[in-house]
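Open the model in your viewer and keep the selection tool handy.

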Amino acid sequence: MNSIRLLSVYGISIELHWSFVFLPIMFGYLYGIKGIFVILFVFSCVLLHELTHSLKARQYGVQVGRITLFPIGGVAYMGILPRRPREEFFTSIAGPLFNFALAGLLFFPLHYFLGHTLFFPGIRSWPQTFAYCFWINIILGAFNLLPAFPMDGGRILRALLAQRIGFIRATRIAVRLGHIFAILFGIIGIMQSPPNFILILIAFFVYLSASNEGLMVREREVKG
Ligand code: ZN
(Lines give C-alpha, C1' and ligand atoms only; values in the text may rest on other atoms or scores of the structure.)
Protein backbone atom coordinates (compact mmCIF):
# COMPACT_ATOMS: atom_id res chain seq x y z
CA MET A 1 0.00 0.00 0.00
CA ASN A 2 2.29 2.71 -1.30
CA SER A 3 -0.46 4.76 -2.84
CA ILE A 4 -3.13 7.19 -1.75
CA ARG A 5 -6.52 6.50 -3.29
CA LEU A 6 -8.03 9.70 -4.69
CA LEU A 7 -11.26 8.75 -6.40
CA SER A 8 -12.89 6.21 -8.62
CA VAL A 9 -13.92 6.89 -12.23
CA TYR A 10 -16.01 4.33 -14.16
CA GLY A 11 -15.00 1.77 -11.55
CA ILE A 12 -11.29 2.51 -12.08
CA SER A 13 -9.48 3.47 -8.90
CA ILE A 14 -7.28 6.57 -9.31
CA GLU A 15 -4.27 6.49 -6.98
CA LEU A 16 -1.35 8.74 -6.18
CA HIS A 17 1.98 7.10 -5.36
CA TRP A 18 3.38 8.55 -2.11
CA SER A 19 6.57 9.73 -3.87
CA PHE A 20 4.41 12.04 -5.99
CA VAL A 21 3.76 14.22 -2.92
CA PHE A 22 7.32 15.60 -3.14
CA LEU A 23 6.76 17.03 -6.60
CA PRO A 24 4.30 19.87 -5.81
CA ILE A 25 6.37 20.70 -2.70
CA MET A 26 9.57 20.89 -4.76
CA PHE A 27 7.98 22.89 -7.58
CA GLY A 28 6.25 25.16 -5.07
CA TYR A 29 9.57 25.80 -3.36
CA LEU A 30 11.39 26.49 -6.64
CA TYR A 31 8.73 28.35 -8.62
CA GLY A 32 5.99 29.35 -6.16
CA ILE A 33 2.27 29.00 -6.80
CA LYS A 34 2.78 29.00 -10.59
CA GLY A 35 5.02 25.96 -10.24
CA ILE A 36 2.33 24.12 -8.27
CA PHE A 37 -0.26 25.06 -10.90
CA VAL A 38 1.92 23.68 -13.72
CA ILE A 39 2.60 20.41 -11.91
CA LEU A 40 -1.07 19.88 -11.06
CA PHE A 41 -2.04 20.63 -14.66
CA VAL A 42 0.56 18.17 -15.97
CA PHE A 43 -0.82 15.44 -13.75
CA SER A 44 -4.43 16.15 -14.69
CA CYS A 45 -3.42 15.74 -18.34
CA VAL A 46 -1.45 12.56 -17.58
CA LEU A 47 -4.43 11.17 -15.68
CA LEU A 48 -6.84 11.92 -18.56
CA HIS A 49 -4.32 10.38 -20.98
CA GLU A 50 -4.26 7.14 -18.95
CA LEU A 51 -8.02 7.20 -18.57
CA THR A 52 -8.39 7.41 -22.37
CA HIS A 53 -6.15 4.32 -22.78
CA SER A 54 -8.16 2.53 -20.11
CA LEU A 55 -11.57 3.27 -21.59
CA LYS A 56 -10.37 2.21 -25.05
CA ALA A 57 -8.96 -1.03 -23.60
CA ARG A 58 -12.25 -1.68 -21.83
CA GLN A 59 -14.05 -1.57 -25.17
CA TYR A 60 -11.96 -4.63 -26.06
CA GLY A 61 -12.94 -6.39 -22.86
CA VAL A 62 -9.73 -5.61 -20.96
CA GLN A 63 -10.16 -5.09 -17.22
CA VAL A 64 -8.55 -1.96 -15.78
CA GLY A 65 -8.31 -2.06 -12.00
CA ARG A 66 -6.48 1.15 -11.23
CA ILE A 67 -4.41 4.03 -12.52
CA THR A 68 -1.46 5.10 -10.39
CA LEU A 69 0.25 8.45 -10.81
CA PHE A 70 4.02 8.45 -10.26
CA PRO A 71 6.34 11.48 -10.44
CA ILE A 72 7.45 10.29 -13.90
CA GLY A 73 3.97 9.68 -15.27
CA GLY A 74 0.91 7.50 -14.97
CA VAL A 75 0.45 3.75 -15.24
CA ALA A 76 -2.86 2.04 -15.99
CA TYR A 77 -2.91 -1.45 -14.54
CA MET A 78 -4.71 -3.68 -16.98
CA GLY A 79 -5.52 -7.35 -16.70
CA ILE A 80 -4.49 -9.07 -19.90
CA LEU A 81 -3.33 -6.51 -22.43
CA PRO A 82 -5.07 -6.43 -25.79
CA ARG A 83 -3.09 -8.91 -27.83
CA ARG A 84 -4.65 -8.46 -31.24
CA PRO A 85 -2.48 -5.92 -33.11
CA ARG A 86 -5.47 -3.83 -34.11
CA GLU A 87 -6.61 -3.53 -30.49
CA GLU A 88 -3.14 -2.74 -29.18
CA PHE A 89 -2.80 -0.11 -31.90
CA PHE A 90 -6.01 1.73 -31.01
CA THR A 91 -5.57 1.38 -27.24
CA SER A 92 -2.05 2.83 -27.48
CA ILE A 93 -2.77 5.67 -29.86
CA ALA A 94 -5.84 6.84 -27.88
CA GLY A 95 -3.74 8.47 -25.10
CA PRO A 96 -1.54 10.69 -27.29
CA LEU A 97 -4.54 11.54 -29.49
CA PHE A 98 -6.38 12.76 -26.40
CA ASN A 99 -3.50 15.17 -25.61
CA PHE A 100 -3.41 16.50 -29.17
CA ALA A 101 -7.18 16.96 -29.16
CA LEU A 102 -7.03 18.86 -25.86
CA ALA A 103 -4.18 21.03 -27.19
CA GLY A 104 -6.32 21.75 -30.27
CA LEU A 105 -9.29 22.71 -28.11
CA LEU A 106 -7.18 24.97 -25.89
CA PHE A 107 -5.34 26.65 -28.75
CA PHE A 108 -8.00 29.15 -29.86
CA PRO A 109 -9.22 30.43 -26.47
CA LEU A 110 -5.63 30.63 -25.19
CA HIS A 111 -4.49 32.42 -28.33
CA TYR A 112 -7.41 34.83 -28.00
CA PHE A 113 -6.56 35.74 -24.41
CA LEU A 114 -2.77 35.45 -24.46
CA GLY A 115 -1.91 36.54 -28.00
CA HIS A 116 1.76 36.07 -28.81
CA THR A 117 2.58 34.97 -25.26
CA LEU A 118 1.10 31.57 -26.14
CA PHE A 119 4.32 30.81 -28.01
CA PHE A 120 6.56 31.71 -25.08
CA PRO A 121 5.54 29.56 -22.12
CA GLY A 122 7.31 30.24 -18.84
CA ILE A 123 6.74 30.88 -15.17
CA ARG A 124 7.59 34.56 -14.95
CA SER A 125 3.98 35.70 -15.42
CA TRP A 126 0.53 34.08 -15.22
CA PRO A 127 -0.19 34.46 -18.98
CA GLN A 128 3.07 32.59 -19.67
CA THR A 129 2.08 29.92 -17.16
CA PHE A 130 -1.29 29.45 -18.86
CA ALA A 131 0.53 29.09 -22.19
CA TYR A 132 2.01 25.91 -20.70
CA CYS A 133 -1.47 24.32 -20.74
CA PHE A 134 -1.22 24.12 -24.52
CA TRP A 135 2.43 23.06 -24.71
CA ILE A 136 2.21 20.44 -21.98
CA ASN A 137 -0.31 18.51 -24.09
CA ILE A 138 1.78 18.81 -27.26
CA ILE A 139 4.84 17.54 -25.37
CA LEU A 140 2.94 14.70 -23.64
CA GLY A 141 1.43 13.55 -26.93
CA ALA A 142 4.70 13.75 -28.86
CA PHE A 143 6.92 12.24 -26.14
CA ASN A 144 4.63 9.25 -25.70
CA LEU A 145 4.67 8.62 -29.44
CA LEU A 146 8.44 7.98 -29.41
CA PRO A 147 8.94 4.30 -30.30
CA ALA A 148 10.50 3.66 -26.87
CA PHE A 149 8.68 0.42 -26.09
CA PRO A 150 6.70 -0.07 -23.85
CA MET A 151 5.76 3.59 -24.20
CA ASP A 152 2.77 4.21 -26.51
CA GLY A 153 4.80 4.78 -29.67
CA GLY A 154 6.64 1.49 -29.07
CA ARG A 155 3.34 -0.38 -28.67
CA ILE A 156 1.97 1.21 -31.83
CA LEU A 157 5.12 0.12 -33.67
CA ARG A 158 4.86 -3.43 -32.30
CA ALA A 159 1.22 -3.64 -33.37
CA LEU A 160 2.13 -2.50 -36.90
CA LEU A 161 5.08 -4.92 -37.08
CA ALA A 162 3.08 -7.80 -35.58
CA GLN A 163 0.69 -7.71 -38.51
CA ARG A 164 3.59 -8.43 -40.85
CA ILE A 165 6.12 -10.53 -38.94
CA GLY A 166 4.12 -11.93 -36.02
CA PHE A 167 3.84 -10.98 -32.35
CA ILE A 168 7.07 -12.62 -31.11
CA ARG A 169 9.46 -11.13 -33.65
CA ALA A 170 7.70 -7.76 -33.45
CA THR A 171 8.11 -7.78 -29.67
CA ARG A 172 11.80 -8.64 -29.96
CA ILE A 173 12.42 -5.65 -32.24
CA ALA A 174 10.29 -3.34 -30.08
CA VAL A 175 12.16 -4.37 -26.91
CA ARG A 176 15.50 -3.68 -28.58
CA LEU A 177 14.30 -0.23 -29.68
CA GLY A 178 13.02 0.38 -26.13
CA HIS A 179 16.50 -0.38 -24.78
CA ILE A 180 18.17 1.95 -27.31
CA PHE A 181 15.79 4.79 -26.42
CA ALA A 182 16.24 4.17 -22.69
CA ILE A 183 20.02 4.50 -23.08
CA LEU A 184 19.52 7.69 -25.14
CA PHE A 185 17.18 9.15 -22.47
CA GLY A 186 19.78 8.29 -19.82
CA ILE A 187 22.61 9.98 -21.71
CA ILE A 188 20.52 13.09 -22.48
CA GLY A 189 19.37 13.25 -18.84
CA ILE A 190 22.91 13.01 -17.47
CA MET A 191 24.36 15.52 -19.94
CA GLN A 192 21.92 18.28 -19.02
CA SER A 193 22.97 20.71 -16.35
CA PRO A 194 21.61 20.27 -13.79
CA PRO A 195 21.01 16.57 -14.64
CA ASN A 196 17.40 15.84 -15.59
CA PHE A 197 16.51 13.29 -12.91
CA ILE A 198 13.01 12.72 -14.24
CA LEU A 199 14.39 11.73 -17.66
CA ILE A 200 16.98 9.48 -15.97
CA LEU A 201 14.19 7.78 -13.99
CA ILE A 202 12.16 7.36 -17.19
CA ALA A 203 15.26 5.78 -18.79
CA PHE A 204 15.43 3.15 -16.02
CA PHE A 205 11.70 2.56 -16.15
CA VAL A 206 11.64 2.12 -19.95
CA TYR A 207 14.69 -0.20 -19.92
CA LEU A 208 13.36 -2.45 -17.17
CA SER A 209 9.78 -2.62 -18.37
CA ALA A 210 10.89 -3.31 -21.97
CA SER A 211 12.97 -6.27 -20.68
CA ASN A 212 10.06 -7.41 -18.54
CA GLU A 213 7.54 -7.42 -21.36
CA GLY A 214 10.00 -9.19 -23.64
CA LEU A 215 10.43 -11.91 -21.01
CA MET A 216 6.69 -12.23 -20.43
CA VAL A 217 5.98 -12.70 -24.13
CA ARG A 218 8.71 -15.36 -24.43
CA GLU A 219 7.43 -17.22 -21.35
CA ARG A 220 3.88 -17.18 -22.58
CA GLU A 221 5.04 -18.58 -25.89
CA VAL A 222 6.96 -21.43 -24.22
CA LYS A 223 3.94 -22.40 -22.11
CA GLY A 224 1.75 -22.12 -25.20
ZN1 ZN B 1 0.05 6.55 -22.99
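Start by selecting S2 (12–17) and S3 (64–70), which pair in the parallel sense over 4 bridges; strands pair if DSSP finds at least two bridges between them. Strands (E, at least two residues) and helices (H or I, at least four) are DSSP runs, numbered from the N terminus. Pick Glu15 here, and you will find its bridge partner Thr68 in S3.

This is a predicted model: local features need pLDDT of at least 70, side-chain atom pairs count only at pLDDT 80 or more, and totals for chains, interfaces and linings use all residues. Residues are numbered from 1 along each chain as its sequence is written, and side-chain values use heavy atoms, leaving out hydrogens and water.

Now show the whole open sheet, ordered S1-S2-S3-S4 with mixed pairing. S1 and S4 (73–78) stand at the edges with a single partner strand each, so one side of each has no neighbour in the sheet.

Next, select Ile4 in S1 (residues 3–9). Is Ile4 buried, partly exposed or exposed? At 40% relative accessibility, Ile4 counts as partly exposed, the class between buried (under 20% relative accessible area) and exposed (over 50%), with a 1.4 Å probe and protein chains only. Beyond neighbours within four places in sequence, Ile4 is in contact (heavy atoms within 4.5 Å) with Ile14, Glu15, Leu16 and Val21.

Of its 21 residues, Leu23, Val42, Phe43, Ile67 and Leu69 touch the most other members. Helix H1 (22–59) is one of the contributing elements, and H1 gives the most, 10 residues.

Methods:
A nonpolar core is a set of buried Ala, Val, Leu, Ile, Met, Phe, Trp, Tyr and Cys residues joined through side-chain atoms within 4.5 Å.
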